[in-house]
Amino acid sequence: SKALSEIPALHEEFRKDGADIPVFLSIGPIRDDSGNIIGASKIARDITAKKRSEEYLQSLENELAHVARLSAMGQMSAAIAHELNQPLTAIANYVKASRRLLAAEIPSPAQLQTARDAMDRAAEQTIRAGTIIRSLRDFVEKRDSVRKPTDLNVIICEAVMLSGASHNGVAI
């Protein structure tokens, strides 16, 4: 076909020891004086160094993203300490209240129910504190960056949860 032109492609070649050699392959037509295709020209370029450079650049980008997350954590440390202090203080207060209610020789049914309710609230706050810690650990964890479509609502909800705004009576 006269429409055949140079076709670039990635192609795998192998060294004598069996190791892969990534190459960039270009194939173009060879034509005679009248324009008919009489053969093809193939040029293979070893792109091993280019691939290594791309991998190195990706590792640097991942490292930079990790450093940026750590820097953000340093800047957020006071807010994080406050955010974790809230559920921990609540847990301590609920447990102390329960102990006071149960300290009576024979607690009344109302005291027992109030103590149970306080222990339930303490358990909820324990789960909340654990969720905060897991979110922070996930945030600072060293990992490869992955670009993918994400539900923005989930990200906003996590940011609001980490900010503690909903627990401070702030409407978003």
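These are my notebook entries on what I looked up in a predicted model of one protein chain.

**Ground rules**

I number residues from 1 along each chain as its sequence is written, and my side-chain values use heavy atoms, with hydrogens and water left out.

**Entry 1: the chain as a whole**

I began with the secondary structure and found three helices and three strands, running β-β-β-α-α-α from the N terminus on. Helices here are DSSP runs of H or I with at least four residues, strands are runs of E with at least two, and both are numbered from the N terminus.

I then turned to burial, where buried means under 20% relative accessible area, exposed over 50%, and partly exposed in between, with a 1.4 Å probe and protein chains only. Of the 172 residues in the protein chain, 20% are buried. The accessible surface comes to about 12,700 Å², and carbon and sulfur atoms hold 59% of that surface; the areas come from the Shrake-Rupley method with a 1.4 Å probe, and for residues only the protein chains shown count as cover.

**Entry 2: the strands**

I looked next at β2 (residues 20-31) and β3 (residues 37-46), which pair in the antiparallel sense over nine bridges; two strands pair if DSSP finds at least two bridges between them. The two form a hairpin with five residues between them, and G35 in the turn has a positive phi of about 95°.

**Entry 3: the core**

Which residues form the largest nonpolar core? I list six, namely M73, I80, L84, A129, I132 and L136. Helices α1 (48-102) and α2 (109-140) each supply at least two residues of this core. By the definition I used, a nonpolar core is a set of buried Ala, Val, Leu, Ile, Met, Phe, Trp, Tyr and Cys residues joined through side-chain atoms within 4.5 Å. As background, nonpolar side chains tend to be buried together in soluble globular proteins.

**Entry 4: the salt bridges**

I found two salt bridges in the structure, each requiring a side-chain nitrogen of Lys or Arg within 4 Å of a carboxyl oxygen of Asp or Glu.

In one of them the side chains of R128 and E83 meet at 3.0 Å, N to O. This pair links distant parts of the chain, with R128 in helix α2 and E83 in helix α1, 45 residues apart. Are its members buried or exposed? R128 is buried at 13% relative accessibility, and E83 is buried as well, with a relative accessible area of 1%.

In the other, the side chains of K50 and E54 meet at 3.8 Å, N to O. K50 and E54 are four residues apart in helix α1, so about one helical turn separates them. K50 is exposed, with a relative accessible area of 52%, whereas E54 is partly exposed at 39% relative accessibility.

**Entry 5: helix α3 and its surface**

I noted a nonpolar patch on the surface formed by L152, I155 and I156, with about 280 Å² of accessible area together. Patch residues have over 30% relative accessible area and no salt bridge; like charges are joined within 9 Å and nonpolar side chains (Val, Leu, Ile, Met, Phe, Trp, Tyr) within 5 Å. I155 lies in helix α3 and is partly exposed at 43% relative accessibility.

A159 also lies in helix α3 (residues 152-163), and A159 is partly exposed at 44% relative accessibility. I found A159 and S135 to be 24 residues apart in sequence and 9.9 Å apart in space, C-alpha to C-alpha.

**Entry 6: two further C-alpha distances**

A65 sits in helix α1 and is partly exposed at 22% relative accessibility. A65 and D144 are 79 residues apart in sequence, and their C-alpha to C-alpha distance is 8.8 Å.

T126 belongs to helix α2 and is partly exposed, with a relative accessible area of 44%. Between the C-alpha atoms of T126 and A90, 36 residues apart along the chain, I noted 9.1 Å.

Note on methods. This is a predicted model: local features need pLDDT of at least 70, side-chain atom pairs count only at pLDDT 80 or more; totals for chains, interfaces and linings use all residues.
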